[in-house]
Structure formats: structure tokens, C-alpha cells
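Subject: Structure handover and findings

Dear colleague,

Please find below the structure that I am handing over to you.

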Amino acid sequence: MTTGSLDGLRREGEHLMEELSREYYAAQAGLQSTANFQAIYARHASLTGDDALEATREAFRGASAGSEDRRSARMMLEWVAETRVSRALAELDEREIAWEGTAAARLADGSRVPYARLAIEIANTVDREERMALERARATLVRAELAPLRRERFERERDLVEALDIAPTYNGTFSEVSGIDLAGLAAQCEQFLRDTQAMWDDVYRDTVRDKLGIDPREATRADALVLLRAREFDGAFPGAALESVVTRQMADMGIDASAGGRIIVDAAEREGKRSRAFCSPVRVPWEVYLVLRPHGGQADYRTF
């Protein structure tokens, strides 16, 4: 692949990523109920075609190991491969986003809680019986509706990745195009867990007993959400002051939090907005969205 054709891929790729990031932001921030990724990919079909994959694959295989050309070709191959797979999965991604915006968990009393607010409601529920009721409703909903969507997506993704003819397996392909040794990473993680196990056991037991008043062996995912929410610090972390406090702290460090207006913070409460914070880098560095749905207290400050 020539330098000129690589540059052409990069230029069109920037336009594709801008459109996808803008669509993702609008859909996940609750500004629109659905996403239309398929139409965006269709407008840039050449980026996901056989020619682009073959050219970047050959450039990668033909570059000398350890060279700058090899590194550049590997990164381009990773992007083309990921984009090709993402286009094939776009319909499933659209379906999941639409589901997240409309799904609701039904409680025993017949009331319904939107899926997008479940994590927030659980984290803010002090009464453990009520908290566990919310968690059971969440688990039932996820098991019945979301898990099948996720399972179908992963199975299709695995087949698509292995069909790229970069490496024989899904994990092997990831390692090849990312440059990350997964086996080595796993070994490091396992060593970290062994090295910190005693510290974790001490802190975990005492914290769960002191803060939640329950047997650490009985603690669940829902209890963890409440523990990390840390309501006891709410007085020091008022929600209305979130942006102004963080902006002032960054200014004290000589940093413009908005980068001259190029970084836009969306911290408003909005129906349909996902509960997990995310970033949409629409046009780096000119238009970047930081999106947060408030949970309350210090958790929002930490997330921001």
C-alpha cells in the first residue's frame, strides 16, 4: 500500500469516525431515541471493503519487525479490521441502544424502573430490602432481554474477527493487531491479585461491616454500588456545584477545563441518557463531549 493510499484511508476514516461519534453521543446522551450507524457506514463503504483490508494486511506483513513502518501498518490494520467488524455488527448495536432507551424492570408491586436509571436507583437506596428488590428486577430483565443480545453480538464478532485471516483465533487476532500479549497481561493481573489479596481482605471486611452493617460474605453487586456511592460525604460534594468546582480546581493547576470551549460537558439529567459516563471525541481536538448522568455526591465528582 502506498503512502498516498494510506493517507486517503486516514482522511476518509476521520470523516467516518466524526459521524459515528456524533451519532453515538446523540443516542447515548438521550438526545435521540435511536442510532443509525448502518447508514453512516454505508456512506464510507470503501473503508470496510476487501481492498482496504487486504492492502493494510499486506502492508503489515511486509513491514520489518520493530520498524516504524510496522508500527504504523499495525495501527492502520487494527483500525480497518475493527471498522469492518463494527459495520457488520451495526444493526445489533442499534438494537441494543434502542433497547437501553426503552427497557424497564418490573418490581413486585407492579411499578417499573427504566433500565437506564436502575444503577442510579440502586446506588441511592439505603434500605437493603428495597435495594435487593431492585437488583433482582434488574437481573431478571438483563437475563431475559439484554444477555441474549450481548451473546449474539459476541458470537458474531468472534466469527467475523477470525474470518479476517490475520491470526487463527479471536484472541490471537487481538494480540496481533493491538501488540498486546494477552497471556502476559493475564499473568500480570494474576500476580497483582496475589500481591494485594491480604490488603483487600482487610479493607473489604472492615468497610462492608462498618458502612453497610452486613456480613461481608453476603455482600452483592447492589451493595457495592451503595458502598461506592458514599452518601456520608454528600454535604461536601453538592451536585449543583460539580462543574464549577472541578473547573476551578483545574484552573488552579493552570488547565482550562473546557480547552477554550472545545470540550463540552453534558452533565444534565435527561430521560434515556445512559447511566454510565462516556466520552465522544467527535473532532479531536476541536469538539469533544464528556457525558455524565448524575448519581449524586462524591461519585459524580470522581467520575467527572
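This is a predicted model: local features need pLDDT of at least 70, side-chain atom pairs count only at pLDDT 80 or more; totals for chains, interfaces and linings use all residues.

Residues are numbered from 1 along each chain as its sequence is written, and side-chain values use heavy atoms, with hydrogens and water left out.

Helix packing

Helices (H or I, at least four residues) and strands (E, at least two) are DSSP runs, numbered from the N terminus. Helix H6 (residues 115-123) and helix H10 (residues 221-229) have axes that come within 7 Å and cross at roughly 70 degrees. H6 is therefore roughly perpendicular to H10, a term that covers angles of 65 to 115 degrees. The axes are lines fitted to C-alpha atoms over the stretch in contact, and angles run from 0 to 180 degrees between N-to-C directions.

On the H6 side, Ala 119, Ile 122 and Ala 123 meet Arg 221, Ala 222, Leu 225, Val 226 and Arg 229 of H10; contact means heavy atoms within 4.5 Å. Six of the residues in this contact are nonpolar, none is polar and two are charged.

Salt bridges

The structure holds 30 salt bridges, each being a side-chain nitrogen of Lys or Arg within 4 Å of a carboxyl oxygen of Asp or Glu. Three of them are described here, with burial given by relative accessible area (buried under 20%, exposed over 50%, partly exposed in between; 1.4 Å probe, protein chains only).

Glu 100 pairs with Arg 276, their closest N and O atoms being 3.5 Å apart. Glu 100 lies in helix H5 (residues 90-102) and Arg 276 in the loop between strand E3 (263-266) and strand E4 (278-283), so the bridge ties together parts 176 residues apart in sequence. Glu 100 is buried, at 8% relative accessibility, whereas Arg 276 is partly exposed, at 36%.

Arg 131 and Asp 223 form a salt bridge with closest N and O atoms 2.8 Å apart. This pair links helix H7 (residues 128-162), which holds Arg 131, to helix H10, which holds Asp 223, 92 residues apart. Both Arg 131 and Asp 223 are buried.

Glu 269 bridges to Arg 293, with closest N and O atoms 2.6 Å apart. Glu 269 is partly exposed, at 44% relative accessibility, and Arg 293 is buried, at 3%.

Finally, salt bridges that share partners join Glu 18, Arg 22, Arg 283 and Glu 287 into one network.

Kind regards

How values were computed. Angles under 35 degrees count as roughly parallel, over 145 as roughly antiparallel, 65 to 115 as roughly perpendicular and the rest as oblique. Ala, Val, Leu, Ile, Met, Phe, Trp, Tyr, Cys and Pro count as nonpolar, Asp, Glu, Lys and Arg as charged, and the others, Gly among them, as polar.
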